[in-house]
Amino acid sequence: MVWLFLLSLCLTLKSVQSQGSSQDAFIIQYLERRLVQMEERLSLCEQNTMSATQKTYDLSSEIRGYLSTLSILRSEVKTQVDSVSVRVDRMERELEYLEAKIPTQSDIEMEEALLQQQIKAAELEQLKKKAEINVENDCSMALSQVKSLKIVKKAGDPNGCWFKDPSEGSNKVYLFSGFRNNTILEYKSLKSFTKTSTLPANEVQLPFYWQGTGHVVYNGFLYCHKADTPNEILKVDLLNGTVLDSTLLPGAGRLPVYSLNPNTYLDMAVDELGLWVIHADPEYGGNLVITKLDKESLAVEYTWDTQCRSHDAEGAFLICGTLYVVYNTRYGGRSTIQCLYDIHDTIHSNESPVMFFPKRYTSHSSIHYHPGDKQLYAWDDGYQTIYKVETRSNAQMTSK
């Protein structure tokens, strides 16, 4: 019995031990799983902490950048405010200075009176200049008609100019072929020029080129437009080709003086009153402007703006201070004088009839008046032509 009891007890203890070992193993496995879960959570927490730390750092860096920019803007605003403050102070000082300098009403009236006196003095001076031009040569003639035509010769290019020296006692004839050259042919007289076999008495080679067909020779001196310049006029001694003087004509050189002669920008002329230059000014609608020049110094004596247009004009000339403008068509036709301008204001363009040239088909590249011969020396498509003109007194023209 005892042995049986002991054997039963041993078996019972072994069964208990066996059950306790299995429970311990289960608990250990449970604890191990919980530890693994805790480790995973701690790792996730660590990752979240690191991410939050990085975001906090990035945010801090961005805020620092904003603070730096804000500091710069603040500095700039402060600088601008200081600058504005300085300007305001300066303006206040200037306003105080101006207030102190503002003249009284009596001072203003005195200045206006002085200005009016100066204007009157300037106007009087201009009138004196006009009077000097009138007194220098008592000239009261006006063109009544272009009477007759004589073709003298055919020489040179289709464009050019020729004329006699209008100075008293001179019979020399000059020929300028083309609208750009540096050679002038000089003849002793009109008779020697008309002879086909006669060589020129002198061939003048200039050290520069002239431009256009608006040249004149006056008292043995050449007055011409220098090539490659818009408005430079030269005075040249033809004995040695020396340039004695030059001037720049204000307002000239921007338009051809005549639309039918597009290579001529300055047209020199001589009449009973002396030396002139004609040009077109775009500021006056392209109308012609005449300027009286001193033949010795080329100084401008006076300038007149005329109502005569340059469009469809082929040439012009002056007689006793009156400008006569010759018009044509670009295909050639009968030349007519349709506009005139009198510096003495005794005859007017709207009161003067249209005057026709005797030849029906012409194309003039230049027209020069000779006050001694009372003739026009014209270049008609390579033909050297002379027109005789008839003049009457201004009183007769006005009464008519």
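This is a predicted model: local features need pLDDT of at least 70, side-chain atom pairs count only at pLDDT 80 or more; totals for chains, interfaces and linings use all residues.
View 1. Residues are numbered from 1 along each chain as its sequence is written, and side-chain values use heavy atoms, with hydrogens and water left out. Welcome to the hairpin: 2 residues link E10 to E11. Strand E11 covers residues 274-281 and pairs with E10 in the antiparallel sense over 5 bridges. Strands are DSSP runs of E with at least two residues, helices are runs of H or I with at least four, and both are numbered from the N terminus. Two strands count as paired if DSSP finds at least two bridges between them.

**View 2. Strand E10 (residues 267-271) is largely enclosed by the rest of the structure, because 5 of its 5 residues are buried.** Buried means under 20% relative accessible area, exposed means over 50%, and partly exposed lies in between (1.4 Å probe, protein chains only). Follow the side chains here: Asp267, Ala269 and Asp271 point one way from E10, and Met268 and Val270 point the other way.

**View 3. The largest nonpolar core has 40 residues.** Such a core is a set of buried Ala, Val, Leu, Ile, Met, Phe, Trp, Tyr and Cys residues joined through side-chain atoms within 4.5 Å. Ile278, Leu288, Phe317, Tyr324, Val325 and Ile337 have the most contacts inside this core. Take isoleucine 278 as a guide: leaving out residues up to four places away in sequence, its neighbours include Asp267, Leu288, Ile290 and Leu323. Contact here means heavy atoms within 4.5 Å. Apart from this core lies another, of 25 residues, among them Tyr174, Phe208, Val217 and Trp379.

**View 4. An open sheet of 4 strands runs in the order E1-E20-E19-E18, with antiparallel pairing.** Its edge strands are E1 (141-154) and E18 (364-370), each of which pairs on one side only. Neighbouring strands of the sheet are turned by 20° against each other on average, direction ignored; the axes are lines fitted to C-alpha atoms, and angles run from 0 to 180 degrees between N-to-C directions. Strands E19 (residues 375-380) and E20 (residues 383-393) run antiparallel and are joined by 6 bridges. Look for alanine 378, whose bridge partner in E20 is threonine 385.

**View 5. Glutamine 384 sits in strand E20.** This residue is buried, with a relative accessible area of 0%. A polar atom of the glutamine 384 side chain lies 3.2 Å from the backbone oxygen of glycine 382. Beyond its neighbours within four places in sequence, glutamine 384 is in contact with residues including Lys150, Val152, Trp162, Phe193 and Trp379.

**View 6. Proline 358 lies in the loop between strand E17 (355-356) and E18.** Here the residue is partly exposed, with a relative accessible area of 30%. The C-alpha atoms of proline 358 and serine 335 are separated by 8.4 Å, although the two are 23 residues apart along the chain. Leaving aside neighbours within four places in sequence, proline 358 is in contact with Val146, Lys147, Ser148, Leu149, Arg334 and Tyr387.

Technical notes: A polar contact is a pair of N or O atoms within 3.5 Å; within protein, one must be able to donate a hydrogen and the other to accept it, and residues adjacent in sequence count only if both atoms are side-chain atoms.
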